[in-house]
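The report below takes up a few local features of one model, beginning with the backbone.

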Amino acid sequence: MKKSNVVQPYDLESINIKNWVTKSNILIESTYKLSLQEQRILLIMASKVQPNDETLKTYRFRAKDFIEIVGNKKGTGFYSYLKEIVNGLQTKILTIKEKGRQRNYNWVITSIYEENEGYITLQFHPSLKYLFLELKEKFTSYQLENVVRLNSVYSIRIYELLKQYERLRKRELTLEELRHFLAIEPTKYKQYGHFKSKVLAVAQKEINNKTDIHFEFVEIKTGRKVTSIEFIITSSSILNGVSSVKEKEPELNQTPSGLTDNEKENRLQYDLVSLGVKPEKIEWVLSEFTKEQVERNIKYTQDRLIKGDITHPHSYVIKSIQKDYAKASQESRIIKPKKPIRKELVPDFIKNYKDNQQIFENSTLQEKQKLFLEKNGTQKDFEEMLIQIRELKKKLVLNSKEPSKEEVEKAHELAMKEVLQNMKKDLKKRQEVGLEPRLVNDFENKALKKIYKSFLESQTSSEV
């Protein structure tokens, strides 16, 4: 009997909006321009990628199921419309700029139409593998249902950019950066008012009403012009009235059979990355402590983060794992059930979290400036302190009632030296917390303004 040369079709894929989409942050922050329908097709494909896949597979869908998610155009047959979208998608380019190199990829390399059967087969470009698979750090995960309901391409992209920073609760982007990520042409929405109403307001309404996160935004101005946006991100505790935040944690294998050891470790890595822990710390934690200890303290940290009890989850979770706060907290409840239980066993490093480095670590520029002023005083306070130092130094040097010309000159010289030393200390403090030097025009005292200008020039020349 002659063997058939007919290639067997790929397994038919169902579309489940509860599936998880996981992307490298390189892809989240790349620039590309796609239509809403093209975005939805790629997101459905991404939701089929599994963490334990070795390659980007080929997926075969029922066209009718696909169009129910993607949407149809009035007066057009759904299959013809889907074919039109995919044909357009195959011509679209993804540009990745990384380490001084620019790479261009096609999103999709395979699209097979079975018109008689009503099926469509799609495959990501193999070169995109590193953006979807074997992600051990710097990636973002979310459920498909959060994005397929959004009706603006800008809403989808803003959701991803904010989801990436969900654990940090805030993200600041300049308008230039935001326009770049959203691939908005220079001639479009040139006026900030148009950009705000057509992009930000639309995204805010959609994301707040339809996804698992909620955001407000603050306009940051340079002079009278809005130049940056600070997004304040909170996790929505309810999605569609039923799903809680805890229920939306990813099940990496998406099967009811439980997690393998490798998949469990991947999940722990995901949770630690989400809390802001650096890769080298993650590697150390997973090699030093049992998975059970790591897991319970991650959950303990996540619960405290949701309640707003902690400020720096990346450092807190490491200390929690080391000291096993979760176990200690549980034991304290068991041993003394009748007595009021403290909110948590607070370690010393949390009590002293206002230490310079920690308080400024995740603050915005405006917050850093505010915190610096609270700790060190205003510009006026700084000037008054310099003037007092200068005059005090002069008095200490000028002992006699009728000092000679040489004594006066020496007093001025030493007073100037004392002022410059304090300016240098101030500059160092500002640099340590990520603030720029004071501006010359910030000084009201003309003499101090002149001294500070010379001081800045000397600093610049010494660096060169």
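## Backbone in the loops

Tyr-189 lies in the loop that connects α8 (175-181) with α9 (192-210), where helices are DSSP runs of H or I with at least four residues, numbered from the N terminus. Although Tyr-189 is not a glycine, its phi is positive, at about 50 degrees. The model is a predicted one, in which local features need pLDDT of at least 70 and side-chain atom pairs count only at pLDDT 80 or more, while totals for chains, interfaces and linings use all residues. Residues are numbered from 1 along each chain as its sequence is written, and side-chain values use heavy atoms, with hydrogens and water left out.

Asp-324, in the loop between α13 (313-323) and α14 (325-335), is likewise a residue other than glycine with a positive phi, here near 55 degrees. With a relative accessibility of 10%, Asp-324 counts as buried (under 20% relative accessible area; exposed is over 50% and partly exposed in between, with a 1.4 Å probe and protein chains only).

## The buried side of α3

In helix α3 (residues 63-70), the buried residues are Ala-63, Phe-66, Ile-67 and Val-70. These residues lie on the same side of α3 because they cover an arc of only 95 degrees around the axis, the arc being that of the directions from the helix axis to the C-beta atoms. Just after α3, Gly-71 adopts a positive phi of about 100 degrees.

## A glutamate in α19

Glu-407 is placed in helix α19 (residues 405-432), and its relative accessible area of 36% makes this residue partly exposed.

Definitions and conventions
Helices (H or I, at least four residues) and strands (E, at least two) are DSSP runs, numbered from the N terminus.
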